Amino acid sequence: MTQNSFDVAVIGAGAAGLNAALILGQARRSVIVFDNGSPRNAAADHMNGFLSRDGMNPAELLTIGRGEVRKFGGEFHDGTVVSVTRDSDGFSIELADTSKIQVRKVLVATGLTDRLPAELEVFGERWGREVLHCPYCHGYSVRDQPLGVIAKSAEFAMHQALMVRQWSDDVVLFLHRITELSAEDREKLAARDISIVEGEVAGPAVEDDRVVGVRLVDGTVVARSAVFVGGALKMDPNDAILRKFGAQRAETMMGDFVTVDMMGATSVPGVFAAGNVVDPGAQVIMAAAAGAKAGAGINMMLTNDDLEVALALRS
C-alpha cells in the first residue's frame, strides 16, 4: 500500500466488491479493496446467466475485475480485516499485521458460507461439480440429465424440485428427513412427473471420480448424475463486521440477514453492504449490480460530505 488513508474501504473482492470499487474509482475516489482469497464460488468452473460473460470461469472474472479496478487507481490488500471501528475521521481498519488504514466510508461485500447439515457433509466432497445449489447457476449445464433434489423442509423441497424440473424430465425428490409431505404437494409433484424417494440419504455414489447416484442409508442407490442440495443448505452470512456495528437485520426464508436500502446503505451511517452477505440468492451478475449501486450510493454520500465541508469553510 502506498498510503494509509482512503475515501472508501471495500471489504471483499468478489463481483459485488469489485464492481463497487470500479464505480468509485471511475468517480475519482481513492479506494482500497481487501481480499482474503476465498470466494463463495471457488469450486465452480464456469458461470451462467451473466450477459457477455456466460460460461466464463469465475476466477477469470475476478482477475479481469482486479485489473480494471487498478486501472482507475484502486489498491488491493490481500489479507483479512481484523476489525473496523468508527473514529473522528470516519473508520479505522485494523489489519492482521496490526497496521491501520483510515477511511471515510466502508462497503462490506464479504459474501456468505454455505454449510451442509452434518449428515450430508459427505456431499461437500463433490461441491460445485455434481453437487449443486442453484438451478439458475448450474441447471443448464446439467440439462436433460437424471437429477436429484435434497431439501431440509417440505417448503424448500417443493420449491427446488419444481424448479429443477425445468431443466430435466427425469427428476427425483429425496425426502431424506422430511417426515410429512401433504397429499396436495404429492399431487403437484406427480403432475410434473417428479418421482419421490422415501428414506434417509447417506451420501453420493461415486465411480471414476464422478457422481453416479445417491445412496440411501439402507444401501439402495438411486442413479443420478447431479444433485441439487440448495434446499438443505444453511447459508451463514460473513457479516461479523456488520453485527459488531449493530446493523439492522431481518429474518428471511434463507436465514437472518442484514437489511440494506436500494443503494446498499445499512442502518449504520457510512457503512454499506452488497452481494451475498445481505442477499443469499444473488447470482454473480446480481451481486455485481448491487455493488455498482452501492458504489454510486457511497459516492453520493461522499459528495454530500464534501459539500458540507466546503460550505463550512466559506462561513
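Mentor: Contact means that heavy atoms lie within 4.5 Å. Please keep in mind that this is a predicted model.

Trainee: Which residues does Val33 touch, leaving out those up to four places away in sequence?

Mentor: Val33 touches Val10, Gly12, Ala13, Ala21, Glu75, Phe76 and His77.

Trainee: And which residues touch the most other members in the largest nonpolar core?

Mentor: Those are Val10, Val33, Leu107 and Ile298, in a core of 29 residues. At least two residues of this core come from each of strand 1 (5-11), helix 1, strand 2 (31-35), helix 2 and helix 7 (284-314).

Trainee: Which element gives the most to this core?

Mentor: Helix 1 does, with 7 residues. There is also a second, separate core of 23 residues, and Ile32, Val103, Val106 and Ala273 are among them.

Trainee: Changing topic, what volume does the second largest pocket have?

Mentor: Its volume is about 240 Å³. The pocket is lined by 14 residues, of which Asn19, Phe50, Leu61, Gly65 and Glu68 are the closest to its centre.

Trainee: Which helices each supply at least two residues of that lining?

Mentor: Helix 1 (15-26) and helix 2 (58-71) do. The largest share, 6 residues, comes from helix 2.

Trainee: How many of the lining residues are nonpolar, polar and charged?

Mentor: The lining of the second largest pocket has 9 nonpolar residues, 3 polar ones and 2 charged ones.

Conventions:
Residues are numbered from 1 along each chain as its sequence is written. This is a predicted model: local features need pLDDT of at least 70, side-chain atom pairs count only at pLDDT 80 or more; totals for chains, interfaces and linings use all residues. Side-chain values use heavy atoms; hydrogens and water are left out. On a 1 Å grid over the protein atoms alone, a cavity is a set of points where a 1.4 Å probe fits but cannot get out, and a pocket is an open set with protein on both sides within 12 Å along at least five of seven lines; lining residues have an atom within 4 Å of a point. Grid points are joined across faces, edges and corners, and a volume is the space filled by probe spheres set on the points. Helices (H or I, at least four residues) and strands (E, at least two) are DSSP runs, numbered from the N terminus. Ala, Val, Leu, Ile, Met, Phe, Trp, Tyr, Cys and Pro count as nonpolar, Asp, Glu, Lys and Arg as charged, and the others, Gly among them, as polar. A nonpolar core is a set of buried Ala, Val, Leu, Ile, Met, Phe, Trp, Tyr and Cys residues joined through side-chain atoms within 4.5 Å. Buried means under 20% relative accessible area, exposed over 50%, partly exposed in between (1.4 Å probe, protein chains only).
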